[in-house]
Amino acid sequence: MAPHILITGATSGIGEACARQFAKLGYSLILFARREERLLRLKEEIEKMGITVITLKVDVQIESQVSKAVSSLPVEIKQSLIILINNAGLAVGKGPISGGIIDDWERMIDTNIKGLLYVSRHVVPIMQANQKGHIFNISSIAGKEVYAGGNVYCATKHAVDALSKAMRIDLVQDNIKVTNIAPGAVESEFSIVRFKGDEELAKSVYEGFDALNPGDVAETIVFAATRPAHMNLNDITIMPTAQASATVIHKSI
Ligand code: 8X3
C-alpha cells in the first residue's frame, strides 16, 4: 500500500498545495477540511492523477469530529500513515487587546492550538504503533516574533512553536520526526480571512513585493519529508526575500 499523508485545512493555501505536491510524489491522501464541496472538487481532480484520496469533513475545533474521523480510517491505512501536516489555522482580526473580539480570539485559539492538539492526540498513537512518522506543524513568523495588533494570533503561533519542541521530546523514542514550519507573508486566503472579507485591505498586504506562494512552502515541506531516515529538519523559517522580519518588508510602492 502507498504511504499515506493526512493534511488538515486541505482545501486552500498551504494545505491544498501540499495535497497536490505529495500526490505528485505518489502519496495517498487523507484530507480533512470543513468545506465539503471544495474537498470533493479537490478529490476528483487529484484522483485523475491515479492517486487515492480520502476526504473527511472535519472541523478540527470539535474534538468528537476529529476522533470520529481518525478512528474511521481502516487499519491498513493507519499502518501506512506516515506524515501528518497540522496545517488548519487562521488569523481573525488585527488590533489591540483592549478592543479584541472574544469570538475572534476563541476561533484562533480553538483552531490553531486546540485543533492541532486534538488531531495530534488521535494521530500520534497510530504513528507510535507504527514506530515511524513525521509531523509538520505549520506555525508562522508570528510564532517567532510579536507585532502590533497580532497579540492573540501571535500567541497561538508561539504555542505551535512550543508544541513542536514538546512533541519532539515526547516522541523521540518512537522514531517520529517533528518539523516546525514558520512562514512569513504567504499570498493566500490568509489576509481575506483575517480582515473578514475586506479584499482591498487583504490585497494591500501583498502589494509592492513578491510574497511567498503556498507552493513555495509545500515544496519546502516535501524537501523536509524526503530527507533520509536518520535526519530531521527541526525548524524552518521561510521568508520572502523582501521580508526581513514580521514587520520589515521592502516594498517598491
Ligand atoms: C502569517 C504571517 O506575518 O501575517 O502567519 O503573521 S503574519
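**Loops, sheet and cores of the predicted model**

Asn175 lies in the loop between helix 6 (151-171) and strand 6, where helices (H or I, at least four residues) and strands (E, at least two) are DSSP runs numbered from the N terminus. The structure is a predicted model, in which local features require pLDDT of at least 70 and side-chain atom pairs count only at pLDDT 80 or more, while totals for chains, interfaces and linings use all residues. Residues are numbered from 1 along each chain as its sequence is written, and side-chain values use heavy atoms, with hydrogens and water left out.

Most residues other than glycine have a negative phi. Asn175, although not a glycine, has a positive phi of about 60°. With a relative accessible area of 46%, Asn175 is partly exposed; buried means under 20% relative accessible area, exposed over 50%, and partly exposed in between (1.4 Å probe, protein chains only). A positive phi, near 50°, is also found for Lys196, a residue other than glycine. Lys196 belongs to the loop between helix 7 (190-194) and helix 8 (199-205), and its relative accessibility of 48% makes it partly exposed.

Seven strands form an open sheet in the order 3-2-1-4-5-6-7, with parallel pairing; two strands are taken to pair if DSSP finds at least two bridges between them.

Strand 4 and strand 5 run parallel and are joined by four bridges, with Ile85 opposite Phe136 in strand 5. Strand 5 is in turn joined by six bridges to strand 6 (residues 176-183), again running parallel. Across this pairing, Ile138 stands opposite Ile181, and Lys177 is the bridge partner of His134. In a regular strand the side chains alternate between the two faces of the sheet. In strand 5, Gly133, Ile135 and Asn137 point one way and His134, Phe136 and Ile138 the other, and all are buried. Strand 6 is likewise covered on both faces: Ile176, Val178, Asn180 and Ala182 are buried on one side, and Lys177, Thr179, Ile181 and Pro183 on the other. Helix 9 lies across strand 4, strand 5, strand 6 and strand 7, and runs at about 155° to strand 5.

The largest nonpolar core comprises 34 residues, and those with the most contacts inside it are Phe22, Leu29, Leu31, Ile83, Ile85 and Ile221. Two or more residues are given to this core by each of strand 1 (4-8), helix 1 (13-24), strand 2 (28-33), helix 2 (36-47), strand 4 (81-86), strand 5 (133-138), helix 9 (214-225) and strand 7 (235-238). Another core, of 29 residues, lies apart from it and includes Ile77, Ala88, Val160 and Met167. A nonpolar core is a set of buried Ala, Val, Leu, Ile, Met, Phe, Trp, Tyr and Cys residues joined through side-chain atoms within 4.5 Å. Residues up to four places away in sequence being left out, Ile85 touches Ile5, Leu6, Ile7, Thr8, Cys18, Phe22, Phe136, Ile138 and Ile221, contact meaning heavy atoms within 4.5 Å.

Helix 2 has 12 residues and spans 16 Å from its first C-alpha to its last, close to the 16 Å expected at 1.5 Å a residue; the expected span is 1.5 Å times one less than the number of residues. Leu39, Leu42 and Ile46 are buried in helix 2. These three cover an arc of only 70° around the axis, which puts them on the same side of helix 2; the arc is that of the directions from the helix axis to the C-beta atoms. Their cover includes helix 1, strand 2 and strand 3, whereas Glu37, Arg41 and Glu44 are exposed on the other side of helix 2.

Two further buried positions were examined. His4, in strand 1, has a relative accessible area of 3% and is therefore buried. Beyond its neighbours within four places in sequence, His4 is in contact with Tyr27, Ser28, Ile30, Ile77, Ser80, Leu81, Ile82 and Ile83. Ala69 is placed in helix 3 (residues 63-71) and is buried, with a relative accessible area of 6%. Its contacts, residues up to four places away in sequence not being counted, are Phe32, Leu56 and Val58. Ala69 and Phe32 are separated by 37 residues in sequence and by 8.6 Å in space, C-alpha to C-alpha.

Notes: Axes are lines fitted to C-alpha atoms, for helices over the stretch in contact, and angles run from 0 to 180 degrees between N-to-C directions.
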